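Hi,

Here is the structure I promised to pass on. Have a look at it first, and my notes follow below.

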Amino acid sequence: MTPPLLERRQQLLSPSYRLFYDEPLHLASGQGAWLTDVHGRRFLDAYNNVVPAGHCHPRIVSAIVAQTERLNTHTRYLHDTIVDYADALLATFPFPAQATFTCSGSEANDLAIRIARHVTGGDGLIITKNAYHGVTSTTAEISPSLGKSVNLGAHVRTVPAPAAGTDFAAGVSDAIADLQRHGIRPALLVVDTIFSSDGIFSDPAGFLVPAVKAIREAGGLFLADEVQPGFGRTGTHMWGFERHGIEPDMVSMGKPMGNGYPVAGLVCQPDVIQNFGASIRYFNTFGGNPVAMAAALATLRVIEDENLMENAHSVGTYLRTQLARHHGVEAVRGAGLFIGVELADGAIASRVVNEMRARGVLISSSGPTGNVLKIRPPLIFSHEQADILNDAVGAALDVIQTNGD
């Protein structure tokens with residue numbers, strides 16, 4: 001990035017914005033799993049899960065352009081595409097449900113909290129200790145990963161992430177008891193089913209079952225936040241909650257839903273949404289608009305037609321095996337193409353991320369101390385691209401270890 005542009009950005013944009021990498025990227029284009037900067041250098045994208053079908057997939061781009069040329073309004077008019085998409089989306093769920101569409105995952109989670117409070121009469125929310133669920137006022141209060149400057153609500157309780165040796169359900173039960181002790185009725189347990197901000201925890205499959213049972217016995221509901229693990233990323237199932245054999249009361253989704261086009265939604269079991277919907281109007285000017293629905297429908301069809309979930313399973317299994325062989329890697333976790341590589345500390349992980357950027361491979365880090373490499377490439381990722389990524393991880397670790405760290 002040229003200094004003048006960086007200076008203009010700092011002058012004109014809010015200081016709340018952040019840039020990736022010690023040397024920021026100035027990108028010009030993208031295609032498939034590759035991004036190209038303004039100097040013509042290509043970077044392998046192993047971070048942007050908002051494009052499961054890869055950057056600028058021609059089928060999805062065509063659907064967006066075609067609908068933009070015809071009509072773009074809102075959900076108060078009849079339109080075929082929103083119904084067609086809802087039909088296709090809900091067909092991927094293992095239980096009957098109904099959909100509400102929003103613009104972002106934050107909005108979807110915000111709506112879920114409103115519904116839970118209406119249905120249960122409670123106010124208490126339970127989340128993991130380093131969760132991220134959004135940036136609205138309500139969802140920021142359940143997103144401790146935003147930092148200590150963002151206060152959690154008095155009605156919020158945190159529980160430890162399901163790291164090895166911990167009993168996740170016991171933590172949830174303790175949080176329920178603490179809410180009740182303070183006269184707060186539990187309303188909702190919110191879980192990102194891959195625990196991406198907590199450091200990525202996927203196994204053993206099924207560990208969420210007793211936690212969900214505990215919140216329901218306390219009169220609350222369970223929201224599966226599938227904004228990051230959803231749409232086939234975990235490889236064996238379309239949704240992360242399916243790996244655990246549970247049926248959430250509500251499921252939120254966003255990021256990969258439109259392959260980069262802003263679209264999100266909330267899926268609810270009918271008995272959860274019925275009373276809320278009958279008594280409270282929900283309208284979102286841009287949520288569910290025809291162009292967003294065209295993007296989402298085309299994305300879902302590409303995921304299905306190009307067998308991207310199966311590819312995520314195959315390539316992800318291969319990549320996790322390769323990554324575990326590097327000296328300095330303490331653990332490799334994940335499912336499909338959502339992978340966490342645990343290193344000794346956050347300083348090392350930060351150096352690996354920046355060393356890899358220098359080698360043309362883009363990833364990020366996660367976890368309370370930032371010591372987990374977060375790898376979540378487009379679902380079109382190939383075995384050959386996995387090798388490029390794996391070699392870059394190894395080279396970055398070698399450089400750091402050679403320098404005596």
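I started with the domain interface: across the contact between domain 1 and domain 2 there are 16 residue pairs in polar contact, both residues at pLDDT 80 or more. A polar contact here is a pair of N or O atoms within 3.5 Å; within protein, one must be able to donate a hydrogen and the other to accept it, and residues adjacent in sequence count only if both atoms are side-chain atoms. Salt bridges across that interface come to zero, the rule being a side-chain nitrogen of Lys or Arg within 4 Å of a carboxyl oxygen of Asp or Glu.

Some housekeeping: this is a predicted model, where local features need pLDDT of at least 70 and side-chain atom pairs count only at pLDDT 80 or more, while totals for chains, interfaces and linings use all residues. Residues are numbered from 1 along each chain as its sequence is written, and side-chain values use heavy atoms, with hydrogens and water left out.

Back to the domains. Domain 1 covers 2-56 + 307-403 and domain 2 covers 58-306; the bounds come from an automatic or database domain assignment. The contact (heavy atoms within 4.5 Å) takes 31 residues from domain 1 and 33 residues from domain 2. Together they bury about 2,500 Å², 58% of it on carbon and sulfur atoms; that is the accessible area (1.4 Å probe) that two parts lose on being put together, summed over both.

On the domain 1 side, the elements giving two or more residues are helix H10 (308-323) and strands E11 (331-335), E12 (338-342) and E15 (372-375). H10 gives the most, with five residues. Helices (H or I, at least four residues) and strands (E, at least two) are DSSP runs, numbered from the N terminus.

Next, some strands. E1 (residues 27-31) and E2 (residues 34-37) run antiparallel, joined by four bridges; strands count as paired if DSSP finds at least two bridges between them. Ser-29 stands opposite Thr-36, and Gly-32, in the turn of this hairpin, has a positive phi of about 65°. E2 also runs antiparallel to E3 (residues 42-45), through three bridges, with Trp-34 opposite Leu-44.

Finally, the whole structure has 10 salt bridges. One of them joins Arg-59 to Asp-305, with the closest N and O atoms 2.8 Å apart. Arg-59 is in helix H2 (residues 58-70) and Asp-305 in helix H9 (residues 290-305), so the pair ties together parts 246 residues apart in sequence.

Cheers
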